[in-house]
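Dear colleague,

Please find the structure below, with its sequence.

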Amino acid sequence: MFFGLPDEALALRDGLREVLTDACTAATIRAAWDRSPCDGLWKELGDFGLLGLLVDEQRGGLGLDELSFVAAMEQAGWHGVPGPLVETVSYLPLHDLPLDGTARLAIQRPGVVHVPYAGIATHIYREDDLALLSAFTLDEVESVDRSRRLAAVQGEGELDPAGLSLLSAEEFEASGGVPTGFSATACATLGTAAFLLGLARRQLDLTVAYLKERKQFGVAIGTFQGLKHPVADAVVDTEFAWPVVLRAAYALSQGDPNADLHVSHAKAVTSDAAYRMSRVCLQAHGAMGYTVEYDLHLYAKRTWALAKDWGTAAEHRARVADHLVGKDLL
Amino acid sequence: MFFGLPDEALALRDGLREVLTDACTAATIRAAWDRSPCDGLWKELGDFGLLGLLVDEQRGGLGLDELSFVAAMEQAGWHGVPGPLVETVSYLPLHDLPLDGTARLAIQRPGVVHVPYAGIATHIYREDDLALLSAFTLDEVESVDRSRRLAAVQGEGELDPAGLSLLSAEEFEASGGVPTGFSATACATLGTAAFLLGLARRQLDLTVAYLKERKQFGVAIGTFQGLKHPVADAVVDTEFAWPVVLRAAYALSQGDPNADLHVSHAKAVTSDAAYRMSRVCLQAHGAMGYTVEYDLHLYAKRTWALAKDWGTAAEHRARVADHLVGKDLL
Amino acid sequence: MDLTESPAELAFRLEAREWLQANVPRGLPSGDTREGFAEHLLWERELFAARWAVVSWPEAYGGRAASVWEWLAFEEEYYRAGGPQRVTQNGIFLLAPTLFAFGSQEQQDALLPRMAAAQDLWCQGWSEPGSGSDLASLTSRADQVEGGWRLNGQKTWTTRGAFCTHLFGLFRSDPTSERHHGLTYFLVPLDAPGVTVRGFARLDGDEGFAEVFFDNVAVPDSAVLGGVGQGWSVAMATTGSERGLTLRSPGRYSATVSRLLALARERGALERLAPELTQAWMDAEAYRLFTLQQVSNEQAGRGRPGESSLNKLFWSELDIRLHELALDILGPDAELEGPWSKGFQFALSGPIYAGTNEVQKNIVAERLLGLPRR
Amino acid sequence: MDLTESPAELAFRLEAREWLQANVPRGLPSGDTREGFAEHLLWERELFAARWAVVSWPEAYGGRAASVWEWLAFEEEYYRAGGPQRVTQNGIFLLAPTLFAFGSQEQQDALLPRMAAAQDLWCQGWSEPGSGSDLASLTSRADQVEGGWRLNGQKTWTTRGAFCTHLFGLFRSDPTSERHHGLTYFLVPLDAPGVTVRGFARLDGDEGFAEVFFDNVAVPDSAVLGGVGQGWSVAMATTGSERGLTLRSPGRYSATVSRLLALARERGALERLAPELTQAWMDAEAYRLFTLQQVSNEQAGRGRPGESSLNKLFWSELDIRLHELALDILGPDAELEGPWSKGFQFALSGPIYAGTNEVQKNIVAERLLGLPRR
C-alpha cells in the first residue's frame, strides 16, 4: 500500500516547475489574452516532453502514466498555462502528430456550442468519433478568460489523415502506442480537474502573501479570523479533492473498469473546491483583487471556465450517482 | 402602506412577555420534560386570553387576527412554552371548547405517525376532516425534546360532539365565530414558524450573553471574528425570515387567496433559519452548551422538532414551487 | 400592517410604468466604459427631462417629492421595465442625501439641480491605497490657506472616476489628528488644477475605476460640506445610504429573478433546479418584504443600529447566489462574455464595496447584538 | 501508488471480518450510561480475549503488531460489521500513543496490558471550567512533596469520567509558571483519596461527562509521564492523535453512509435526495482517500504541520452533514429518540471536542499556510 505520487511523477512535476517559472509568468498569460499564440512557451513544453507525456516512447513520447499526468497538470494549473494543454496532452496519444508544440488540439464535445481554444488550435477533433474537422468556419466569441479563444465551429468531420482516430478499439490497441482502455475523454476530464487544483493553489498563494503584507487597523489583515477561517475552510476542500484526483489517475493507469466513477468524482469535487477558493481569495483581497491590473483574476477566470468545462460538477455528480445506482447503492 | 405589527399586536406581545417571564422559565420547561402538565402555566395563558386569541369575542375569545397571533407565538417561542400551544390556539376557533387552559388540542396529521403532544392533550383531532378521535390508544415514544409527548395514536374519528368540526365551509361561516376562509392548518403552520423565530431569538440572547462573559486567551470570546461572524450570518437569516412571517399573517388576515404561498414561504425560511441559529449558538458555547445542565438545549431541541413539524422546509419549498408553477413563473 | 397602495401611489406607479415601458432604452453598452458612459448620460438626461431622474427630490430640484413608498414603486417599475444601471447613482443616491442633511442652502441650490440633470457627475473619494476597510487611517490632506484649502494625496477605487466631473471625499484637515478625528468632507471639481485622474479596469475589464491624485489642489471654503473637522460623521451618513436600501432597491433583485426563471425555462433547467430557483424567488421576495419593514420602522422612529448592514449582507450574497445559479444553468456557456457573466462579476464586488461584508458582520455583531469590539 | 493489499494484509482483513461478523454484539445500549458502559466492558474484554482490542500494539501487550494499513482495514471491518463505539478509546487511542512515545518501560509494562484488557479505564483530564480552547490557562496544581506530588484543582468535560478508573491530565507543577510552561502530565487513579467524581449529562441526556475534583490527592513520582515540566509537549502529541486519524478512522463514515443510503431507500427518498446522497458518498470516500494519503505521507516522512487539523475539520463537518441528511429523510420522525437523533447529537460535539474547529482553522491558517497569529 502506498497512496501518493510515484517518484517519476514528482520529478516530472519539479522539472516542469522549473521550466514554467521562467516560461509562463503572468505576463505570458496576459500575452495570450492579447491574442499571442505563445509559441515560445509551447516550444518549451514540447522540448520538455510534456506534450508527449502519455505518448509511447516508441513514438517519441515520455510514455508516462496518468499519475505523472495529473502531477504535471496541477503544476501547469498553478502557472495558468494558456492554450489547450490538457486537451493536447490527452489526445496526442490518439493522433500521429508532432509532440513539439506545433500541434495544438481542440476538442468539439457533443452539445457544447463553443469549442475552447478553437481560435488557436491547429487541429479540431470531434470528441465522439475522434474525426478531424476540415473545411470548417470559426465564429470566435469572447470568454471572460480571453485566453480561452472560444469559437462556434461548423465543419465536416473526416478520417484523421495522419492518425488513428477512426480505428476501432481493438485496432487502437493493436496499433501500439495506445494503452489498453485508454480514454482521452477521461484523461482530459481528469487533467482539467488537476489543473483546477493548481489554479486554486496559485490563488491561495497570492492570497496568503497578500494577507501577510496588507495592513489595516494597524495589523496584517491575515491576523483576522474573519479572513483566516474562510481561507482555511476553502483549503480543506482543495486538500480533500487532491486524493480523489490521485485515486482516479491510479484507476486510469490500472485500467480499472470503475475509472469513470473516480474521474467524475474528481471533476465534481475539484470544480466545486476551486470555485470556492476563487471566491474566498477574491473576497480576501478586497478591492485589490477586483481589478485586472492585479494578477489574481487571471487564475480566477480560468477557474470559472474550467469548473464548467469537460462536465460541470452537477453533471459529474449525476454520473457518480449513476454508478452508485449500478452498484445498487443508490 | 405600513409594514409591521399593529399596536394591538405589540401590546399583546408585551403583555404576554410579562406573564411568561414569571410563568414560563427554564424550570417550567424542565418540569414539562419530567411529565408535568404545567397546569399553572396553562391557566395563566387562559387567564391572559391567549388561548382564545383567534376566537370571536362573542365566544369569549379576544377576536384578534393573525398578526397578533404571530406576535404572540414568537414571544411564546422565546420563552419555550411547553405543550400544544400553537395547535390549541389555531384549532380552538373550530371547536366549542373552554379557553381557560383546560382544553389542549393535539392534531393528527395525515402521514405523520407520531402525534406531538398526544400524551398530554385533552382532545386529539384529525387534521383532514377535523374529526375528534375517540376510544383511542396511545403508544408514547420519546422525542429528543421530552416535553413533546409524542405518541402513535390509534382510534376512531367521530363528529366532534361539542363543536363545529364537521360543518361545511359555508356552515362554518354561517355559524359565526369563524373568520371567512379561516384555515387552522395555515395558522398552525404559521404559528410554528413564528414560534421557531422566538426560539432562535432566545438562543441568540443566551449566546450573546455567553460570548460577552466567557473569557479565553485573556479576552471575552465575543471579540473573536471566528465566532462573531457566524453569529451575524445566522442573524441575517432570522431577520429576513420575520417579514415573511408578517407577510403571511397579513395575507391570512385579509383572506388573501395566495395566503398558502406566503405561509409555506414562512415555514420554509423559519425552519432553516432557526435550525442554523441553533447550530451556530451551540458551537459558540463550546462544551458549555453541550450539556443538559445548561438551558440552551431546551430551546435547541424544540427548534429541531418544530423545524420538521407542520411540514419541513423542503416540503414547504416544494409548495411554493407549486404556486410558482401555477403562476407560470416556474 | 397595510400593504395596499393609496390611489395616489397607484397612479404614480402606473404613470412610471407607462413612461418607462415606452422609453427605457434597449441594449445600452456598459456604463463603465467611456463610450458607454456617454450613451448612459443621454438616458439620464432623458429621465431628468421627464422628471423621473430623482423622483424623491423636491420639485424645485427636478424631482416629484415622491414618498419613499412611491420611490420604491418607481424602482420596482424601473427594473421591471429593464432599465439600465444608473451611472449617476453615486451623486443622486450617495452624495445627495448628505447634501440634503448637511449642505447649506447655497450648496443645495448650486449643486442639486446640476446633479439631477446629469450635468455635474459625481464620484466618491473615500478609499486610498492604504485605507480600505480601515477608512479612518486615510492620509490625504487638506491644508488651510488664505481663502480656502490646498488638497494633497491620492484616492483610489473611485467608481467611474475617469468619466466624472466632480468628486466628494474625505481629507485630513487637522494634520495632528488621528483616526476619525480631524477629517473634513470636501466637494472638488475634477478639472481643478493639480487634479490627475487615471482610469483603470475592474474585474470585468471595463475602465470602471480610477485613481485620483491631488497635487496642491486649491478649493474655496465653500467646498467644505458639513463643517471643518466633521468629515467622519458627515461621511457616515452617506455610507449608511450606500450599503442600505437606497442603493439596492428590491426591484433590482426581483427583476433578476424574473430573468433567471426565464433563462431556466429557455434552457430546460426548471425541473432540475426547481428547489434552488424557488429559493431564489423566496429570497428576493424576503428582501422586498424586509425593505418594506425597514422603511416602516424608520418612518415610525424604530430604526435599529446595524439594520443597513443586515440589508447589505443580504443583498450582496443574494446577488451572487442568483448569478451562480444562472451560471449553473448556462453550464459550458457560463464563461461567455454576456449579461450573466458580467452580472456575476459585478455581483462579486457586492461583498467588497460599500464596506466589506467582514466589516458589516462586525457592525451587526457589535452594534445590533452588543458584542464586544476587539 | 499502490492500492492493492498484500496477501498478509488481505488475510488479516478477512480474519477480522470473519470474527467480527460472527461476534459483534447487536443492540448494545449507549456506552455513556452506567448500565450501558458495563455491557460495553464485556464486549471490550471479548475483543481483548480474541486479540482484536489493540491490533496495532505489540503482541506482548495484547496486540497483533499490525501495520497501520492493517489497522485501517480492521477499523473498516469493525464499522462495516456494525461494531459499537469503543468506550476504551480515550485510553487506547489517546493515552497509549503518548505512553509508547514518552513512557518508561516500567510504565508501559504496568499500564498497557491492563488498558488493553479494559481492566484500567482511562479518561482525559484536560479542560477546566476556565480553560477550554485556551488550555494553556489551566490552573489545577501539582505541588512537589516528600516522595511525590499533591494534586489540587478541578477538571471538567471529562468523557465517561464517572465510569473510569484512571485519569491522565495536565497539572501546573511550577506555581510561578504561565501559559504552557511549567505543566506536568500526570497519571492518576480515580480511587485515590481526595478525588471526587461527579457525572453529568451530555446533550443527549446520557451521563457522558464528569467533573473531577482533586483535593490534596497524593501521587508518587512514577505518576509523571514524560518528565516534570514537559506536560505541554507531551500532551500535544496526544491531542494530535485525538483530532486526527486514529480517533476517527474512515471506516466509521463509510459505514454511516451505507446506513444513510439504506434509510433513504427504505423511506423512498433516493430520488429526491440523489445529489445530496451522492455527495455524502463522495465525501466519505474522499475522507478515506485523504487518510490513505496521510498515512503514506507520514510513513515517507512527508507529514505536514496542520494536517491533522484538516482531518478533524473534514470529519467533524462530514459527520454533521450525514446526520442532517438522515434527519431530512426522516422528516417529522427526525425528533424521535433513536440511533439517528442520537448520532446527530453526538455529531454536533465533533466541531467542539478535541480542539474546537475555530482553533483548528487557526492552526491550518497559521501552521499550514503561514498566516500571522494575532
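I begin with B:Leu130, which lies in the loop between β3 (123-126) and β4 (132-140) of chain B; helices (H or I, at least four residues) and strands (E, at least two) are DSSP runs, numbered from the N terminus. The model is a predicted one, in which local features need pLDDT of at least 70 and side-chain atom pairs count only at pLDDT 80 or more, while totals for chains, interfaces and linings use all residues. Residues are numbered from 1 along each chain as its sequence is written, and chains are lettered from A and ligands numbered from 1 in the order in which they are written.

Backbone angles

The phi of B:Leu130 is near 60°, a positive value in a residue other than glycine. Most residues other than glycine have a negative phi. B:Leu130 counts as buried because it has 21 C-beta neighbours inside 10 Å; a residue is buried if 20 or more other C-beta atoms, placed from the backbone, lie within 10 Å of its own, exposed if 12 or fewer, and partly exposed in between.

D:Ala65 sits in the loop between α2 (34-49) and α3 (68-80) of chain D. With 12 other C-beta atoms within 10 Å, D:Ala65 is exposed.

Contacts between chains

Between chains D and A, 35 residues of chain D are in contact with 34 residues of chain A, where contact requires C-beta atoms, placed from the backbone, within 7 Å. On the side of chain D that touches chain A, two or more residues come from each of α8 (274-299), α9 (307-330) and α11 (357-368) of chain D. The largest share, 15 residues, belongs to α8(D). By class, this side of chain D holds 22 nonpolar, 7 polar and 6 charged residues; Ala, Val, Leu, Ile, Met, Phe, Trp, Tyr, Cys and Pro count as nonpolar, Asp, Glu, Lys and Arg as charged, and the others, Gly among them, as polar.

For chains C and B, 35 residues of chain C are in contact with 34 residues of chain B. On the side of chain C that touches chain B, α8(C) gives the most, with 15 residues.

α8(D) has 26 residues and reaches 38 Å from its first C-alpha to its last, close to the 38 Å expected at 1.5 Å a residue; the expected span is 1.5 Å times one less than the number of residues. Of the 26 residues of α8(D), 19 are buried, so this helix is largely enclosed by the rest of the structure. D:Gly301, whose phi is positive, near 70°, follows α8(D).

In α1(B), the buried residues are B:Ala9, B:Leu12, B:Leu16, B:Leu20 and B:Ala23. They lie on the same side of α1(B), because they cover an arc of only 60° around the axis, the arc being that of the directions from the helix axis to the C-beta atoms. The buried residues of α1(B) pack against α3 (39-48) and α4 (66-79) of chain B. On the other side of α1(B), exposed residues include B:Asp7, B:Asp14 and B:Glu18.

Nonpolar cores

The largest nonpolar core has 330 residues, and A:Leu190 is one of those with the most contacts inside it; such a core is a set of buried Ala, Val, Leu, Ile, Met, Phe, Trp, Tyr and Cys residues joined through C-beta atoms within 7 Å. A second, separate core of 68 residues includes D:Phe48 and D:Phe163.

Yours sincerely

Methods. Two residues are in contact if their C-beta atoms, placed from the backbone, lie within 7 Å.
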